[in-house]
Amino acid sequence: MSGRVLTGLMRWGAKEWAMTALAFVVICVVGLFATRGFAWGAQGDVLAVRFGADGDRTRVVIDLDKSAQGRVIDAGGEGRVVLALNGVAPGRGLNGGGSGLVRSYEVTSSGGSSRVQLELARGSEIERRFLLPPGDGVSHYRYVVDLKATGAAVRASTTPAPRPSAPPRRAERPLIVIDAGHGGNDPGASGARAQEKQVTLAAALALKTELEKNGRYRVRLTRSDDRYVDLYRRVSIARQSDADLFISLHADAGADPALRGASVYTLSEQGAGRAVREFTRGDNWHRELHLPGRDPSVDRILLDMTQRATQNRSAQFARVLLTHLEGSDQPLLRRSHRDAGLAVLLAPDVPAVLLEMGFITNPEDERLLTDERARRRLMKSVADGIDRYFREPSAPMMTASNTGATG
């Protein structure tokens, strides 16, 4: 058999050999491009690295054209954070200056993955990291790394670290906006002897008087008489006034008349998402937050960081407030710190809580809410909580995710 094949090949002319050589070249080229096509199709690229900085926190966003799995190689202990992103190539090889806690960055190839190295300007550690799929008007994947400052020293580097700019000190006294819930044609809940709108206004006026005694605060009310103020207008008053704290006063209601006790609400995660959607609906939303406005995606990062910091400060005040209420023997609900997507809590840049002072449908709570001396004592506890919140800004902060469940 092999002899017959060899004899046939010997009889080929130049034309047959040329056609065979051409076919071989075509097969090789097709195979080469097919192999590369499979490789390129299976692996995406790192498209860009972006930063958003806010005080002691910095968000790093790595844009990808394909989903990737991240692995931490160095978490920041040696003055750098190093990540491996499996499934994506470094593209054209990115590098440049950072922002906030990051001095510089570099994206290089490392085996079958991309190596992302962040040189730190200050001692930092990874607070959280996650992958965002395409959505909300973004057509690509985003690998997000949140860094927080630790105060630890950073190892020496040939590149001098930029000095972090200190936040500007406010020359004015803190501004507290007090919101008396309901009002006008909206009476709120009703007890046996009073309506919610009446007790919230009386409490707001008492708290204003208490806060103005020591001269340390400026105070503004969303309403000072029996009128209705739109819920979103209440939030606008706080934001336009550049308030340092917003507290909305309410009286709870329940079907069981035995149910009693105060509780404090802060914004839920679902409410935070709703707030972002509503806040970014207009074209000039970045101006209201004093953001650069040069890059919408960076502004969204900064908005998210601003809102997260606001949620954390709100949660911190809620815990301080509940501590002072409990210390004054004010009855509290079993789960006294709750979260919800209430409209008056939606400001992304003003720490805000809603205080349910007690159940107006409970005879004893209603008696305390309608008694001037008892109401004044309750508002003194609230004022003491506000004092501590502003007196100890560096106290350990409760994160927004630590709030209790609603119900």
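What we are looking at is a predicted model, in which local features need pLDDT of at least 70 and side-chain atom pairs count only at pLDDT 80 or more, while totals for chains, interfaces and linings use all residues. Residues are numbered from 1 along each chain as its sequence is written, and side-chain values use heavy atoms, with hydrogens and water left out.

Strand β14 (262-267) and helix α7 each give two or more residues to the lining, and α7 gives the most, with four; helices here are DSSP runs of H or I with at least four residues, strands are runs of E with at least two, and both are numbered from the N terminus. By type, the lining divides into six nonpolar, five polar and no charged residues, where Ala, Val, Leu, Ile, Met, Phe, Trp, Tyr, Cys and Pro count as nonpolar, Asp, Glu, Lys and Arg as charged, and the others, Gly among them, as polar.

Turning now to the aromatic rings, the search of the whole structure finds four pairs, a pair being rings of Phe, Tyr or Trp (its six-membered ring) with centres within 6.5 Å, called stacked if the planes are under 30 degrees apart, edge-to-face if over 60, and tilted for the rest. In one of them, Phe51 and Tyr105 have ring centres 5.7 Å apart and planes at 55°, so this pair is tilted. Because Phe51 lies in strand β1 (residues 44-54) and Tyr105 in strand β7 (residues 102-110), the pair ties together parts that are 54 residues apart in sequence.

Phe317 and Tyr389, with ring centres 5.3 Å apart and planes at 65°, form an edge-to-face pair. Here Phe317 belongs to helix α7 (residues 296-327) and Tyr389 to helix α9 (residues 372-391), 72 residues apart. Ring pairs also link Tyr217, Phe317, Tyr389 and Phe390 into a cluster.
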